[in-house]
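Trainee: Could you take me closely through one part of this model, namely the open sheet and the contacts that tie its surroundings together?

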Amino acid sequence: QVQLVESGGGLVQPGGSLRLSCTASGSILSVNDMGWYRQAPGKERELVATAARGSRTNYLDSVKGRFTISRDNAKNTVYLQMNSLKPEDTAVYYCYGSIVRSVTSTWRDYWGQGTQVTVSS
């Protein structure tokens, strides 16, 4: 069993900041990429940021310079620091991890339950 648990969402005013966290736990041999998606009402889910096990990161163009993804490999945890938040950042944010459970398993993506981020005055 593998679980990803997110925290840190909430309500913030435009221009404010939030920090999301997501920790993978359970029967885990190794974690490769981790990252964040988001889905706003009536819109498709979009990839916000990814962080490889090394230092490589990627960002959605609209969040570059405002969001920073980081991870703690020892804790199987990924973070998303969100600054200068805008109303259009309002969405449910989902973390994911590319995880293999054992030497006989295959890699697959596991997902968190989602955390709501609302940017509003």
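Mentor: What follows goes from the sheet to the disulfide, then to the core and the salt bridges.

This is a predicted model, in which local features need pLDDT of at least 70 and side-chain atom pairs count only at pLDDT 80 or more, while totals for chains, interfaces and linings use all residues. Residues are numbered from 1 along each chain as its sequence is written, and side-chain values use heavy atoms, with hydrogens and water left out.

The open sheet is made of four strands in the order β1-β3-β8-β7, with antiparallel pairing; strands here are DSSP runs of E with at least two residues, numbered from the N terminus, and two strands pair if DSSP finds at least two bridges between them. Because β1 (2-7) and β7 (67-72) stand at the edges, each with a single partner strand, one side of each has no neighbour in the sheet. Neighbouring strands of this sheet are turned by 15° against each other on average, with direction ignored, where the axes are lines fitted to C-alpha atoms and angles between N-to-C directions run from 0 to 180 degrees.

A search of the whole structure finds one, joining C22 to C95 with an S to S distance of 1.9 Å. The pair links distant parts of the chain, since C22 lies in β3 and C95 in β9, 73 residues apart. The torsion about the S-S bond is about 40°, so the disulfide is right-handed. C22 has 0% relative accessibility and counts as buried, and C95 is likewise buried at 0%, where buried means under 20% relative accessible area, exposed over 50% and partly exposed in between, with a 1.4 Å probe and protein chains only.

The largest nonpolar core has 28 residues, of which L4, W36, V48, F67, L80, M82 and Y93 touch the most other members; such a core is a set of buried Ala, Val, Leu, Ile, Met, Phe, Trp, Tyr and Cys residues joined through side-chain atoms within 4.5 Å. The elements giving two or more residues to this core are β1, β3, β4 (30-39), β5 (46-51), β7, β8, β9 and β11 (115-119). Leaving out residues up to four places away in sequence, the contacts of Y93 (heavy atoms within 4.5 Å) include L20, W36, R38, F67, L80, M82 and V117.

R38 pairs with E46, their closest N and O atoms being 2.7 Å apart; R38 is buried at 5% relative accessible area, whereas E46 is partly exposed at 31%. D89 pairs with R66 at 2.8 Å between the closest N and O atoms, and this pair links distant parts of the chain, with D89 in the loop between β8 (77-82) and β9 (91-100) and R66 in the loop between β6 (57-59) and β7, 23 residues apart. Both D89 and R66 are buried, and R38, E46, R66 and D89 are linked in a network of salt bridges. Another salt bridge joins K64 and D61 at 3.0 Å, N to O, and D61 is exposed, with a relative accessible area of 60%.

Terms used. Salt bridge = Lys/Arg side-chain N within 4 Å of Asp/Glu carboxyl O. Disulfide = S-S within 2.5 Å.
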